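Dear colleague,

Please keep the structure open while you read.

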Amino acid sequence: MGGATNDADAVVTLAHGGGGRRQRELIEEIVRPRLSNAWLDPLDDAARLALDGARLAFTADAFAVDPIFFPGGDIGSLAVNGTVNDLAVSGARPRFLSLTMVLEEGVPLATLGAVLDSVAAAARRAEVFVVCGDTKVVERGRAGGGMFLSTSGIGELLDAPPTGATSCRAGDELVVSGPIGDHGAAIFAAREELGGMGGVKSDCAPVSALAAAACDGFGVRFMRDPTRGGLLAIAHELAGSCGLTVELDDARIPVRPETRGLADVLGLEAWRLACEGRVVAVVPEGRGEELAARWGAMEDGRGAAACGRLAPRRPSAPVVLRAATGVLRPLDFPADDPLPRIC
């Protein structure tokens with residue numbers, strides 16, 4: 001990492017929370033050197049723990065989405081599904097959550113009630129229980145949007161969780177569980193009051209069943225949910241960890257027309273926009289289409305596609321996009337997410 005994060009005059013910016021290169025520098029240069037240990041250092045979505053014979057996964061997340069209500073979800077469902085999904089893609093069955101709320105004075109109690117109703121509904125769908133939490137209230141104007149939520153989660157590891165990015169090999173195939181970019185596009189539409197523009201909705205949903213299916217006999221090596229930074233950030237994370245080049249097939253990446261239209265408005269490609277109900281998995285060569293078909297038969301996996309592969313490392317191009325013509329275009333790791341506060 002060669003960023004300016006360690007400069008004496010440097011300050012935290014929105015880019016440091018955007019899921020791109022700046023956030024990676026913050027973690028690598030500021031956080032990990034101070035907190036390094038065997039469970040944190042892999043920087044997986046959840047830490048894998050062994051306690052008295054139990055094989056557990058443990059994770060935490062915070063949510064500052066703006067606006068707090070958006071097409072397809074709200075901060076409550078996002079807080080549950082975000083943590084459930086981090087556990088699921090780590091190869092665990094989510095079981096228990098905590099919920100911490102930071103509320104700004106003046107928030108209508110009816111709004112808080114609606115958010116908590118959403119938390120309860122999302123927890124029932126994901127088959128998890130909220131078992132502890134905390135509430136803090138801060139002065140008006142200190143919590144943009146009225147509230148921030150934080151959730152932690154504990155899950156039980158399945159018998160065959162992902163073996164990790166370092167186990168990936170050239171020829172392995174990359175599969176995505178459905179159309180990408182819907183959450184980022186929905187937040188943009190809500191923020192800019194473009195609700196009538198195509199009716200795009202967030203994909204906010206639990207991915208536990210999809211992740212468990214991938215862990216059932218497919219020899220899955222790597223799994224992530226593509227949130228901030230989207231599919232592109234996941235591809236760069238994978239390439240950085242396994243030392244190979246990720247080739248994405250432009251014609252096979254699933255994108256809804258309405259999401260593509262909003263991405264065009266932003267001047268971005270959909271693979272940079274966040275998802276909140278998708279899974280990206282790497283499986284051995286020859287298993288990609290099989291996993292896509294398995295996911296495609298599931299309610300939350302419609303539109304799944306094998307849309308990439310791992311290849312020997314090209315020194316200057318860890319991630320490339322293969323056009324329909326066969327031409328390869330390098331895709332740079334974005335410095336940040338173009339839409340801050342999307343989760």
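**Salt bridges in the model**

Glu 28 and Arg 24 are both part of helix α1, where they sit 4 residues apart, about one turn of the helix. Please bear in mind that this is a predicted model. The side chains of Glu 28 and Arg 24 meet in a salt bridge, with 3.5 Å from N to O, and Arg 24 is partly exposed, having a relative accessible area of 25%. As background, side chains of opposite charge can pair when their charged atoms come close.

Is Glu 25 buried or exposed? With a relative accessible area of 2%, Glu 25 is buried, whereas Arg 22, at 29%, is partly exposed.

Another salt bridge joins the side chains of Glu 289 and Arg 252, at 2.5 Å from N to O. Because Glu 289 lies in helix α8 (residues 288-296) and Arg 252 in the loop between β10 (245-249) and α7 (257-266), this pair ties together parts that are 37 residues apart in sequence. Glu 289 is partly exposed at 43% relative accessibility, and Arg 252 is partly exposed at 37%.

Salt bridges with shared partners also join Asp 44, Asp 45, Arg 224 and Glu 237 into one network. The count for the model comes to 22 salt bridges.

Key. Residues are numbered from 1 along each chain as its sequence is written. This is a predicted model: local features need pLDDT of at least 70, side-chain atom pairs count only at pLDDT 80 or more; totals for chains, interfaces and linings use all residues. Side-chain values use heavy atoms; hydrogens and water are left out. A salt bridge is a side-chain nitrogen of Lys or Arg within 4 Å of a carboxyl oxygen of Asp or Glu. Buried means under 20% relative accessible area, exposed over 50%, partly exposed in between (1.4 Å probe, protein chains only). Helices (H or I, at least four residues) and strands (E, at least two) are DSSP runs, numbered from the N terminus.
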